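Hi,

Here is the structure I promised to pass on. Have a look at it first, then read my notes below.

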Amino acid sequence: TNETRKSAESTFWRTVPTSSSPSENGTSKLPAVAGIDRENGPLPPGAYKKIGERDSITSCLLGIGIRSQVNSDDGNEIWEEASKNCQKLIDSGFNTFVMNNPAADDLKRLRLSKKKTIRRGETNKARIRLEKQRKQNLVLKTKIRHEAEENFYKVLHLNTPKSVLRSCNFMVNLEVPAVLSTEHTKYSGIDEEQATMSFGNGWMVRESVGNALKRVKGETLGSVVLEYCEHSPYHLDVLDSLFEMKREGLIRSISTKNFPPSLLRSALSCGFNMESNGIVGNLMNTHNLRSDSELGILCSEQDLSRHISAPLGGGLFTDSITHSNKKKIETLFGTCCHDESNVISTAQKWAKYQSIKDTLHELSQKYQVSHESISLRWLLQMNEKAGDSVIVGTRLGMDLREQKGGSPYNRQSDLREVFTFALEHDDMELLGELSGRSSSQEFPPEGDRQIDFSNKALWI
């Protein structure tokens with residue numbers, strides 16, 4: 001059959017053993033096996049955690065965020081390549097996947113307007129116009145992601161045995177749009193009756209989940225991730241409907257993303273036991289990683305794990321960053337690497353980044369691993385008892401670099417390296433101090449220190 005023929009592209013299937021789930025008391029140690037095969041095979045026990053209650057599966061602590069190509073002229077070829085490389089990751093023990101929103105660079109190619117802030121004193125009409133623009137951008141991002149999910153999972157299901165797909169955790173993001181007031185409808189282009197309708201209605205949530213099931217071609221959804229929407233009052237209503245569908249067996253687990261502590265407390269007090277809460281966190285942005293923060297205290301009290309995105313700071317903490325990327329680096333300083341609790345100048349951010357980068361270089365020499373592996377290991381090891389997980393982005397070879405004469409896709413080898421070593425306590429503390437997680441790290445004022453951009457060690 002076609003299913004059997006296509007499965008021959010991989011070395012073996014069903015790589016996640018049932019013994020790989022954490023122990024019942026939740027204290028399974030993060031594995032560090034120096035002799036692990038760098039290419040294939042299940043990851044050691046402790047590299048997975050159990051999700052769901054009935055019909056539960058094991059989910060890898062290192063998840064894969066798929067960054068799709070936008071407006072590609074290569075048609076189905078990119079999805080065939082993505083499917084093939086996804087199979088490589090599954091063969092290598094990585095079984096958790098989510099389709100990311102399109103990257104900012106991709107959106108620029110679509111001539112999407114840049115994010116603007118609403119300044120004080122602007123007219124109400126101007127504020128409404130900007131709000132409409134933001135909502136349109138969000139709708140476009142969601143549409144692009146949905147199309148990518150449909151194309152990718154269609155090809156993946158054609159090429160992969162169903163038994164393998166059932167062992168994977170395919171995460172689906174679910175947005176809760178804010179309900180517009182009648183006053184805004186004439187500027188938003190949305191029908192007045194639709195605008196005043198509560199998204200919390202169960203049938204609307206069921207329709208969204210049903211559409212997601214169609215896109216991922218699944219019998220159930222492994223994980224539904226409910227994204228926080230600042231102006232929506234319907235988060236608890238939607239959670240209620242989702243947990244009802246979980247009891248019906250349509251969803252295995254439910255997580256939240258970017259929920260503030262106050263809303264998380266409300267949800268937990270209503271009996272909604274979420275699997276995790278998604279946050280942005282890395283060595284430059286530790287606001288939500290700190291144990292003494294409001295979110296950190298809540299996660300500790302409620303035994304709620306965190307699902308960490310942008311762990312490599314958009315590429316800042318990899319070996320590939322170069323001096324020529326200065327503009328991109330400073331852009332990342334203001335986005336995924338922006339720490340709201342520690343506002344410092346650009347020069348101070350460069351000083352902090354240089355200190356972290358120098359330390360990563362020293363530790364990579366000590367452990368004989370990449371900067372990336374040190375960064376990811378630090379995040380996983382930081383709160384391993386709670387089962388924090390990390391999502392790492394990849395294009396799955398959809399840039400067709402290999403077909404154009406480039407090196408073969410080998411992301412699985414890089415990621416398996418994370419489970420070959422363990423950071424010593426002193427090294428964990430050192431990175432914590434430099435990042436600002438363990439204590440307030442002081443950096444000199446702008447005039448007291450000049451960044452030496454000729455320092456090659458910074459860019460190694």
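In strand β4 (residues 96–99), Thr96 and Val98 point one way while Phe97 and Met99 point the other way, and all are buried (under 20% relative accessible area with a 1.4 Å probe, protein chains only; over 50% would be exposed, and in between partly exposed). Strands here are DSSP runs of E with at least two residues, and helices are runs of H or I with at least four, both numbered from the N terminus.

Before going on: this is a predicted model, where local features need pLDDT of at least 70, side-chain atom pairs count only at pLDDT 80 or more, and totals for chains, interfaces and linings use all residues. Residues are numbered from 1 along each chain as its sequence is written, and side-chain values use heavy atoms, leaving out hydrogens and water.

Now for the partners of β4. Strand β3 (residues 62–66) pairs with β4 in the parallel sense over three bridges (pairing takes at least two DSSP bridges), and isoleucine 64 sits opposite phenylalanine 97. β4 also runs parallel to β5 (residues 169–174), again with three bridges, and valine 98 faces methionine 171 there.

What about aspartate 388: buried or exposed? Aspartate 388 counts as buried because its relative accessibility is 3%. You'll find aspartate 388 in the loop between α14 (371–382) and β10 (389–394). Among its contacts beyond four places in sequence are Leu61 and Ser305 (contact means heavy atoms within 4.5 Å).

Cheers
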